[in-house]
Amino acid sequence: MDQNEAFGRCICAMCPTYMECEQGKAFCMPGAKRSKCIKVENGCICPGCPVYSEMKFSSVYYCIKGSDAEQKPGRK
Ligand code: SF4
Ligand code: SF4
């Protein structure tokens, strides 16, 4: 799945933590930047997202903590 497809399928906009800024979405994807405005964790609905299951992701709060690859053990 590429970035554009993930962006289109991302459900972040329905998340209680989400705040819209700079069109940020699909924070889970490789190379995605963290949100510049989301700072407070109010729940993460990523595990219910079709991108999440298709990409076999396993972390949460990508908007604050970085992409799935960044959060894998042994990586920064
Ligand atoms: S897993 Fe989370 S960040 Fe990634 S596309 Fe889905 S809702 Fe967005
Ligand atoms: S990455 Fe998770 S916590 Fe952040 S906005 Fe998307 S669904 Fe919500």
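This is a predicted model: local features need pLDDT of at least 70, side-chain atom pairs count only at pLDDT 80 or more; totals for chains, interfaces and linings use all residues.

Visitor: Where is Lys 56 found, and what is its phi?
Guide: Lys 56 is found in the loop between α2 and α3. Most residues other than glycine have a negative phi. Lys 56 is not a glycine, although its phi is positive, at about 55 degrees.

Visitor: Where is Ala 26 found, and is it buried or exposed?
Guide: Ala 26 belongs to the loop between α1 and α2. Its phi is positive, at about 50 degrees, although Ala 26 is not a glycine. The threshold for a buried residue is 20 or more other C-beta atoms within 10 Å. Ala 26 has 22 C-beta neighbours inside 10 Å, so Ala 26 counts as buried.

Visitor: How many helices and strands does the protein have?
Guide: From the N terminus on, the elements run α-α-α-α. The secondary structure therefore comes to 4 helices and 0 strands.

Visitor: What radius of gyration does the protein have?
Guide: The C-alpha trace spans about 25 × 25 × 20 Å along its principal axes. For 76 residues, a compact globule would have a radius of gyration near 11 Å. The protein agrees with this, because its own radius of gyration is 11 Å.

Visitor: Which residues touch the most other members of the largest nonpolar core?
Guide: Of the residues of the protein, 30% count as buried. The largest nonpolar core holds 18 residues. Helices α2 and α3 each supply at least two residues of this core. The members that touch the most others are Cys 10, Ala 26, Phe 27, Cys 28, Cys 46, Val 51 and Tyr 52.

Visitor: Which residues does Cys 10 touch, not counting residues up to four places away in sequence?
Guide: Cys 10 is among the core residues that touch the most other members. With residues up to four places away in sequence left out, Cys 10 touches Lys 25, Ala 26, Cys 49 and Val 51.

Visitor: Which residues come nearest to ligand 1?
Guide: There are 14 residues around ligand 1. By class, this shell has 13 nonpolar, no polar and 1 charged residues. Those that come nearest are Cys 10, Cys 28, Cys 46, Cys 49 and Val 51.

Visitor: How do the residues around ligand 2 divide by class?
Guide: The residues surrounding ligand 2 include Cys 12, Cys 15, Thr 17 and Cys 63. The shell divides into 11 nonpolar, 1 polar and no charged.

Visitor: Is Cys 12 buried or exposed?
Guide: Cys 12 lies in the loop between α1 and α2. Beyond its neighbours within four places in sequence, Cys 12 is in contact with Tyr 18, Lys 25 and Cys 63. Because 24 other C-beta atoms lie within 10 Å, Cys 12 is buried.

Visitor: How many other C-beta atoms lie within 10 Å of Cys 15, and what does Cys 15 count as?
Guide: Cys 15 lies in the loop between α1 (3–9) and α2 (50–54). Leaving aside neighbours within four places in sequence, Cys 15 is in contact with Gly 43, Cys 44 and Ile 45. A buried residue needs 20 or more other C-beta atoms within 10 Å, and an exposed one has 12 or fewer. Cys 15 has 19, so Cys 15 is partly exposed.

Conventions: Residues are numbered from 1 along each chain as its sequence is written. Chains are lettered from A and ligands numbered from 1 in the order in which they are written. A residue is near a molecule or strand if its C-beta atom, placed from the backbone, lies within 6 Å of it. Ala, Val, Leu, Ile, Met, Phe, Trp, Tyr, Cys and Pro count as nonpolar, Asp, Glu, Lys and Arg as charged, and the others, Gly among them, as polar. Two residues are in contact if their C-beta atoms, placed from the backbone, lie within 7 Å. A nonpolar core is a set of buried Ala, Val, Leu, Ile, Met, Phe, Trp, Tyr and Cys residues joined through C-beta atoms within 7 Å. The radius of gyration is taken over C-alpha atoms; the globule rule is 2.2 Å times the number of residues to the power 0.38.
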